[in-house]
Amino acid sequence: MFTALEIELNGPVATIWMNRPDLHNAFDETLIAELTAACVALDDDADVRVVVLAGRGKSFSAGADLNWMKRAANNGIDDNLNDARALARMLRTLAEMKKPTIARVQGAALGGGMGLASACDVAVASTKAVFATSEVKFGIIPSAISPYVLRAIGARQAYRYFQTAERIDATRAREIGLVHETVEPDALDAKVQEIVASLLQGGPLAQAAAKDLIRAVNHQPINETLVEETAHRIAHLRATPEAREGIAAFLDKRQPSWMGE
């Protein structure tokens, strides 16, 4: 049972709703622990194919809860380190899920909220969405979220926004690679569902392997070692029942078994 989250199941699609709308879905130790647990549980659920991360109310997530930050400021280094590790573990758990993940960003995604959006495989934003790495305004840095934000926008953009803490509107977020799609607010759910429909056409084992492939190949030099690595990956995948079913379905002009009825 969750207190800060709601899990909505719709066939093979699970939506994790951050459910602290009065606090703009700011996270504290409870939401961090629950989101970690939810990601683990849904990743282990064979009936779930796609996971959508969303926030109730006006905001996606305003980042860290100010009361939680205030408590942290009064804690010693050991307690702060434990809190930081829990946050980093949550983000990594989300980022390394085997299943496709989509961030549905309808409003503010600030600080850690921007990190959550970056940690998802796909980010879709309303034109009313706004982003920021606002940590320097509080005398801290966007440390735990940095691997995922850097993966999304690159170091050059990060040098600017990590230091200026400027607000990034939806149009700019798409320009710098932070989100994949921007749509009017009333079209947000339709766009998410459009991407979900595309994801459900892919083989689940292949999608997990594709995510692992990106992590293995990204930023690696193109040399004989990398070429051999990619050859081994495709050769092993071709021999799986899923690959045989996918190829057979294509040749037979039918839907593969993983798409159901």
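Biologist: In this predicted model, which strands form the open sheet, and in what order?

Modeller: Three strands form the open sheet, in the order 5-7-8, and their pairing is mixed.

Biologist: What makes strand 5 and strand 8 edge strands?

Modeller: Strand 5 (108-110) and strand 8 (168-169) each have a single partner strand, so one side of each is left without a neighbour in the sheet.

Biologist: How do you know that strand 7 and strand 8 pair, and in which sense?

Modeller: Pairing requires at least two bridges, and strand 7 (residues 130-132) is joined to strand 8 over two bridges in the antiparallel sense; Phe131 stands opposite Ile168 of strand 8.

Biologist: Which helix lies across these strands?

Modeller: Helix 4 (residues 112-119) lies across strand 5, strand 7 and strand 8, and runs at about 100° to strand 5.

Biologist: Why is helix 3 called roughly parallel to helix 4?

Modeller: Helix 3 (residues 77-95) and helix 4 pack at an angle of about 25°, with their axes 9 Å apart; because angles under 35 degrees count as roughly parallel, helix 3 is roughly parallel to helix 4.

Biologist: What makes Asn223 a cap of helix 9?

Modeller: A side-chain oxygen of Asn223 lies 3.2 Å from the backbone nitrogen of Thr225, and the cut-off for a polar contact is 3.5 Å, so Asn223 caps the N-terminal end of helix 9.

Terms used: Residues are numbered from 1 along each chain as its sequence is written. This is a predicted model: local features need pLDDT of at least 70, side-chain atom pairs count only at pLDDT 80 or more; totals for chains, interfaces and linings use all residues. Side-chain values use heavy atoms; hydrogens and water are left out. Helices (H or I, at least four residues) and strands (E, at least two) are DSSP runs, numbered from the N terminus. Contact means heavy atoms within 4.5 Å. Axes are lines fitted to C-alpha atoms, for helices over the stretch in contact, and angles run from 0 to 180 degrees between N-to-C directions. A polar contact is a pair of N or O atoms within 3.5 Å; within protein, one must be able to donate a hydrogen and the other to accept it, and residues adjacent in sequence count only if both atoms are side-chain atoms. Angles under 35 degrees count as roughly parallel, over 145 as roughly antiparallel, 65 to 115 as roughly perpendicular and the rest as oblique.
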